[in-house]
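Have the sequence and the 3D view open side by side.

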Amino acid sequence: MHRGAKTGVMVVTVVGSQLGDEGKGGIVDRWSDAADIVVRYQGGDNAGHTVVHGDEEYTLSLVPSGAVRGKVGVLGNGCVVNPETLFSELDALAERGLDPEIRVARRAHVVFPYHRELDGIEERAKADREFEVGTTGKGIGPTYEDKAGRRGIRVGDLLDPDVLRDRLEYVVPQKRALAESVFDVETGDAFDIDRLYEEYRRYGERLREAEMTVDAGEFLAAERDAGKRILFEGAQGTMIDIDHGNYPYVTSSNPTAGGAPVGSGLGPGVVGNGEIVGVVKAYLTRVGTGPLPTELGGVAGQTPGYDGSEADPGTDAGTDTDAGADTDADTDADEEELATRIREAGGEYGTVTGRPRRVGWLDLPMLRHAARASSLTGLAINHVDTLAGLDSVKVCERYDLAGESVGTIPATTERWAACEPRYEEFDGWPDADWDAAIGAGYGALPAEARAYLEYVSDEVGVPIYAVGVGPDRAQTIVLEDPFDRDR
Ligand code: GDP
Ligand code: IMO
Ligand code: MG
């Protein structure tokens with residue numbers, strides 16, 4: 001028994017079950033009320049987590065979402081930290097009257113300007129062969145590359161100017177040579193050792209003066225022993241996990257729950273003894289390239305092989321000479337229209353980059369994969385309101401692949417891209433008075449919506465803990481609060 005222990009679940013991990021942007025920020029905000037500390041364990045400022053409270057909307061890239069409720073936020077060793085983003089986010093929050101307590105792991109790696117430049121340089125080189133990822137351009141991949149290459153610079157190194165200088169003198173000439181000699185790109189300020197040293201030494205001073213750096217594992221273990229409740233906030237999602245996702249169209253970290261122990265310094269037993277909630281969007285969105293078997297329509301520049309010219313709804317409708325028959329052109333136009341409708345209703349534009357998100361039907365093979373990879377104990381299904389008003393709603397139940405029926409995700413991108421979804425079709429549900437439903441609870445949701453949700457939960461074999469019916473903190477119907485469960 002820990003000193004001052006509360007009863008019930010002490011650790012809850014929230015992960016993205018699809019391709020990011022499932023609404024993790026809102027769910028973390030909702031449940032962080034019961035938590036003392038909110039911990040990011042991977043990723044960096046590629047994340048964009050939205051918290052809505054009444055008229056106030058916060059978009060957070062590095063500061064954990066619990067900060068809006070005044071909870072302690074920790075950036076674990078598995079994160080990559082851009083100090084410029086961190087401090088500008090903290091300054092912006094301070095202007096709005098929030099002064100969150102943030103701790104940063106000394107073992108976390110630092111994103112430098114040359115990482116961001118190299119991110120763009122490599123994406124442009126890949127674009128020539130049409131296999132760019134469509135990254136957020138935040139330098140995430142190049143920073144994790146340097147971490148794995150044992151030439152990265154860590155937060156702890158910023159606190160010691162001599163070490164910082166030594167590390168920069170080793171690594172920057174290599175980066176400059178890579179940009180100039182391999183990619184044939186001129187380099188500037190972002191590769192200037194003196195400038196980088198001065199700027200990053202100052203970030204180190206600010207981190208030290210604010211006493212923000214910690215040994216994350218030690219810090220969290222001590223807090224846990226003191227009976228504090230910990231909420232892990234995953235960024236990104238299962239299908240863009242570097243191991244379990246759709247490689248190479250992935251981010252460079254492990255958003256799945258296994259990333260939480262590695263990226264925080266608390267062991268797998270701690271995370272596994274708690275609850276692990278997979279956040280699900282009631283349909284799918286994806287930003288960036290890579291396959292999406294259930295995609296509706298497409299987004300030029302992101303959907304592979306799509307330039308928007310062949311499936312413009314206006315053009316198709318105008319050239320329809322075979323009235324009454326369901327031609328391919330009609331189907332394309334219908335799908336485009338549906339995608340646009342869902343994108344507009346759900347506000348599906350990237351929080352970080354502003355890009356329109358690609359839209360598709362919910363994909364159960366993906367959720368089965370996520371449930372297994374993260375040992376999900378519960379689901380939080382968001383955006384049920386966004387689908388309201390459609391005549392029917394489809395769910396991909398399995399795939400047909402080379403004459404076989406497949407219920408989970410094939411390991412290679414090419415095989416996943418070749419999957420043909422087999423759909424289950426559900427009656428749509430009407431737009432409802434969602435706020436009334438929140439008060440009355442799950443049973444007050446439209447019956448069609450409940451049928452859909454229960455089918456998903458049964459197929460994935462994981463119970464529903466929460467249903468999102470709007471972006472606001474209050475617009476979540478909670479069936480089970482993970483911190484209140486017996487363990
Ligand atoms: P995250 O990256 O997983 O935290 O998700 P984002 O913040 O990038 O994107 C989710 C978007 O959907 C945000 O604008 C949220 O405010 C919004 N949102 C979350 N849950 C719901 C919901 O249940 N209904 C609606 N309409 N919007 C939601
Ligand atoms: P949150 O936490 C959605 C995507 C990018 C790109 C790929 C690699 O808000 O859910 P990166 O910049 O990480 O190297 O890009 O991953 N991506 C996200 N998509 N939500 C995110 O975060 C994402 N973070 C990265 O669009 O396809
Ligand atoms: Mg997001």
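Let's start with P248, which sits in the loop between strand 10 (230-233) and helix 9 (259-262). Helices (H or I, at least four residues) and strands (E, at least two) are DSSP runs, numbered from the N terminus. A cis peptide bond links Y247 to P248, with omega at about 5 degrees.

A word on ground rules: this is a predicted model, where local features need pLDDT of at least 70, side-chain atom pairs count only at pLDDT 80 or more, and totals for chains, interfaces and linings use all residues. Residues are numbered from 1 along each chain as its sequence is written, chains are lettered from A and ligands numbered from 1 in the order in which they are written, and side-chain values use heavy atoms, with hydrogens and water left out.

Now for the metal. Which residues coordinate the magnesium ion (ligand 3)? D21 (OD) and G48 (O) do, at 2.1 to 2.2 Å. D21 comes from the loop between strand 1 (11-16) and helix 1 (24-31) and G48 from the loop between strand 2 (37-40) and strand 3 (49-53), so the pair ties together parts 27 residues apart in sequence. G48 is buried, at 11% relative accessible area. Donors here are N, O and S atoms within 2.8 Å of the metal (3.2 Å for Na, K and Ca), and water is not among the atoms, so sites may look incomplete.

Strand 1 also holds T13, and T13 is buried, at 0% relative accessibility. Beyond its neighbours within four places in sequence, T13 is in contact (heavy atoms within 4.5 Å) with residues including Y41, F232, A257 and V271.

Finally, a helix pair. The axes of helix 3 (residues 113-127) and helix 6 (residues 161-182), lines fitted to C-alpha atoms over the stretch in contact, come within 11 Å and cross at roughly 20 degrees. Angles under 35 degrees count as roughly parallel, so helix 3 and helix 6 are roughly parallel to each other. Helix 3 contributes Y114, L118 and I121 to the contact, and helix 6 contributes residues including L168, V171 and K175.

Note on methods
Buried < 20%, exposed > 50% of the residue type's maximum accessible area, 1.4 Å probe, protein only. Axes fitted to C-alpha atoms, helices over the stretch in contact; angles between N-to-C directions. Parallel < 35°, antiparallel > 145°, perpendicular 65-115°, else oblique.
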